[in-house]
Amino acid sequence: MKNRKIVVIVGGGPAGMMAAWWLAEKFEVHLFEKEKMIGQKFLLAGKGGFNLTNRLSGETLLPKYSPAGFLDKALLEFDSQKLREWLIQLGIPTYEGSSGRVFPDRGITPSDVLKKILSSLVSRGVVFHLKHKLSSFSKEMVFKFLTPEREVSMKADFAVMAMGGASWPSTGSDGFWTKLFNDRGIATMPFQPSNCGINIAWPDSVIKFHSGKPLKNIELKVNNKVSRGEALITEYGLEGNAVYPLVPAIRNLFASNEIPVISLDFKPVNTFVQLKEKISRNNVKTSDYQAIFKLNSVSMALIKAYSDKESFFKPDRFAYLVKNLLISVASLRPVEEAISTVGGLNVDELNPDFSLKKYPAISCIGEMADWDAPTGGFLLQGSFSMGYYAAESILNEAIQGNSEGRV
Ligand SMILES: Cc1cc2nc3c(=O)[nH]c(=O)nc-3n(C[C@H](O)[C@H](O)[C@H](O)COP(=O)(O)OP(=O)(O)OC[C@H]3O[C@@H](n4cnc5c(N)ncnc54)[C@H](O)[C@@H]3O)c2cc1C
């Protein structure tokens, strides 16, 4: 290893692990992680659905990410197909669920996936430094780390920072690294929740009788953003796959001091005209609504709670409410609970290959940068793609002396 260039990777999440894996082919790679375990958020992701990526590949992946263009090259060079091939190489076959989400094959647990990645990293010579928290870095490429016993330092030729966002801080991704960056004049944005639940000031009756109940096959709309799926009524509001895609639109409305209002459609497969036809065929009483419109008790309770008496008693007005029940959003759930965050490193600080403009030998990848994507495997795909792309750029520069990739 003596004459090989040294790469310091900070952060043992999917982005850092991916960068380490490719860089280890040519370099002496040291991966520093502040926790006593690598990949804690990755394991947490595995407790839910564990969507490693999505069926979408190539160009079709790109519209899922914002800001537009920021991740394009990385996603095109290392898309879901390439990620799945890489996983197979490590002994992790995957399959596509009906929703397009890609999971590890049945019988392969999240901890199996992590173990296989880690053992592959070990066999490629990556050196792990656990319980090492980055405490400073310099233009001279000296990186200092706090350990439980002392401060240690390492000089590197290149570095890749992959310190994550700020949700679920118990996994290690606490976002405290922003101070280190701000101290060096590198701009960061406050972290905000993404892919999170929403707070709604439910009437007491909804909380008392309906929290914990799902709303299935619904459509939600905020401004022009539409999302179909399922939502769970909780004491504080709504959670679920129909809610998360609306969060960017809700966040933007709050930012412009507007109160976001969700339009809830209980029957997205029926048009308003079709619903009206149902009532024209019957001499309708309010006690018939549930059977005529095929609504469950939760839907009925919500319509009752969010309509005035006059509308509720008029069948055609009621039919309209079935398609368009307006509910105000009080706020987003806290950063700590979100599946992902936006904010963190301002992307204007980065070159197209994710190297820092002020420190070109240091790349910053994964959720620590201010980009966004929905759930469904797109978050992990984004982090893995950035890891690959940053590594390729470093390899390109160091081996071929080609500095094009670094600007
Ligand atoms: C409940 C939940 C479920 C999820 N499910 C999915 C899913 O199914 N599919 C999907 O695509 N995505 C999912 N995600 C999102 C996904 O896990 C993250 O987007 C992804 O882990 C981000 O990877 P990363 O490598 O950028 O950062 P992280 O995984 O957050 O890793 C960052 C690492 O850096 C370390 N670190 C931080 N500061 C320092 C420091 N100063 N010094 C040293 N180390 C440091 C942290 O301890 C951490 O280990 C889920 C997230 C959550 C919370």
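Strand β11 (residues 188-194) and strand β19 pair in the antiparallel sense over 5 bridges; two strands count as paired if DSSP finds at least two bridges between them. Within this pair, methionine 189 stands opposite glycine 344 in β19. This is a predicted model, in which local features need pLDDT of at least 70 and side-chain atom pairs count only at pLDDT 80 or more, while totals for chains, interfaces and linings use all residues. Residues are numbered from 1 along each chain as its sequence is written.

Strand β19 covers residues 340-345, and because 6 of its 6 residues are buried, it is largely enclosed by the rest of the structure. A residue is buried if 20 or more other C-beta atoms, placed from the backbone, lie within 10 Å of its own. In the chain of 407 residues, 43% are buried.

The secondary structure of the chain comes to 14 helices and 20 strands. Helices (H or I, at least four residues) and strands (E, at least two) are DSSP runs, numbered from the N terminus. Along its principal axes the C-alpha trace spans about 85 × 40 × 40 Å.

The domain assignment, which is automatic or from a database, gives domain 1 (6-193 + 341-406) and domain 2 (198-332). Their C-alpha centres lie 39 Å apart. Where the domains meet, 5 residues of domain 1 are in contact with 6 residues of domain 2; contact requires C-beta atoms, placed from the backbone, within 7 Å. Of the contacts in the chain with a separation of 6 or more, 69% are between residues 24 or more positions apart.

Note on methods. A residue is buried if 20 or more other C-beta atoms lie within 10 Å of its own, exposed if 12 or fewer, and partly exposed in between; C-beta atoms are placed from the backbone. Two residues are in contact if their C-beta atoms, placed from the backbone, lie within 7 Å.
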